[in-house]
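Dear colleague,

Please find below the structure that I am handing over to you. My notes on it follow directly after.

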Amino acid sequence: MKKLLRLLALCVLLSGCTQAKDVIENRNISFDEIPSEVISYASGILSEKEGFYYIGTGITVDNLSDEGEMLDIKSEVFPVYEDDRLFCLIIVTGEETELLSKDLIRTALEADEKYLLVRNNGRLVKVSKEGEFVIAGEQNVTIDKRVIKKARRSIRKTNDLGKNRSLIKSVNEVTDPSTGKRYSSSRIVVKFTEGDSDSKISFFEEFCGGKLRSQVRSAGLYVFTVEPASYKRLSALVKSAMELDYVDSAFLDEVKDATSSAVTGMEVSDR
């Protein structure tokens, strides 16, 4: 009887292992897991670009045979964004690195829906409940129905491809397209309402994710350093800042020339 129970337990264990191996998924890759080689590769392709570029959280992608069987090798997919727009995908499979341009991927991946990415015969395929789309690779070859059927059964949740993003390239100045005025890409100037300025400084640092850089005591102006961002993003930050009940006014730091800014007479903060 004991031998029979052990045999049954072993069968259950082996069955569980088989099922785990058989599950297709897009596992999320956190920033800490992004290989340094991927960051270097992304920086290389952006070396001649101007603007603000971000690398997004990646995912693992299973490689499937035409029979729908999972192959031993996996691919890793990382999105790169030009400001808020998807710029390219970097795909790493073993020692190989591929680059997919924005023209192929924006339409396929920007829709807000549940989908699963799989690879089959070198192609990158998006599979959703509504259908399938070959993002990269041979377009004219029909995908075996067994691949699609197995992938569609595995769709459980929306993956986090690009959900979180980290700045990898920036510039020092941004321009208001309507006026041509230039501003610092990393500074915002704030005037608080009357009251305890120290606590309001702390509140605003938490709000903007930045730090107090300097202040003009005579004018009651505080200059905060934030992560460099485009004019559009900085303008949105200013707008949100104006909605805070402890902020009297907020604006971007205009650049007048190579050595000065619109906020003059600055005194370095003691904080």
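Predicted model: local features only at pLDDT ≥ 70, side-chain atom pairs only at ≥ 80, totals over all residues.

Residues are numbered from 1 along each chain as its sequence is written, and side-chain values use heavy atoms, with hydrogens and water left out.

The protein chain has an average pLDDT (the predictor's confidence in each residue, from 0 to 100) of 83, and 82% of the residues score at least 70. Residues 7-20 have a pLDDT below 50, and beyond near neighbours in sequence this stretch has zero contacts (heavy atoms within 4.5 Å) in the model.

Helices (H or I, at least four residues) and strands (E, at least two) are DSSP runs, numbered from the N terminus. Helix α5 spans residues 197-208. Its buried residues (under 20% relative accessible area, 1.4 Å probe, protein chains only) are Lys200, Ile201, Phe204, Glu205 and Cys208. Seen down the axis of α5, they fall within an arc of 140 degrees (taken from the directions from the helix axis to the C-beta atoms), so they line one face of the helix. They pack against β12, β13, β14, α6 and β15. After α5 comes Gly209, with a positive phi near 70 degrees.

Strands β5 (residues 85-93) and β6 (residues 96-101) pair (at least two DSSP bridges between them) in the antiparallel sense over six bridges. Val92 has Thr97 of β6 as its bridge partner. The two strands form a hairpin with two residues between them, and Gly94 in the turn has a positive phi of about 65 degrees.

Yours sincerely

Conventions: Expected span 1.5 Å × (residues − 1). Buried < 20%, exposed > 50% of the residue type's maximum accessible area, 1.4 Å probe, protein only.
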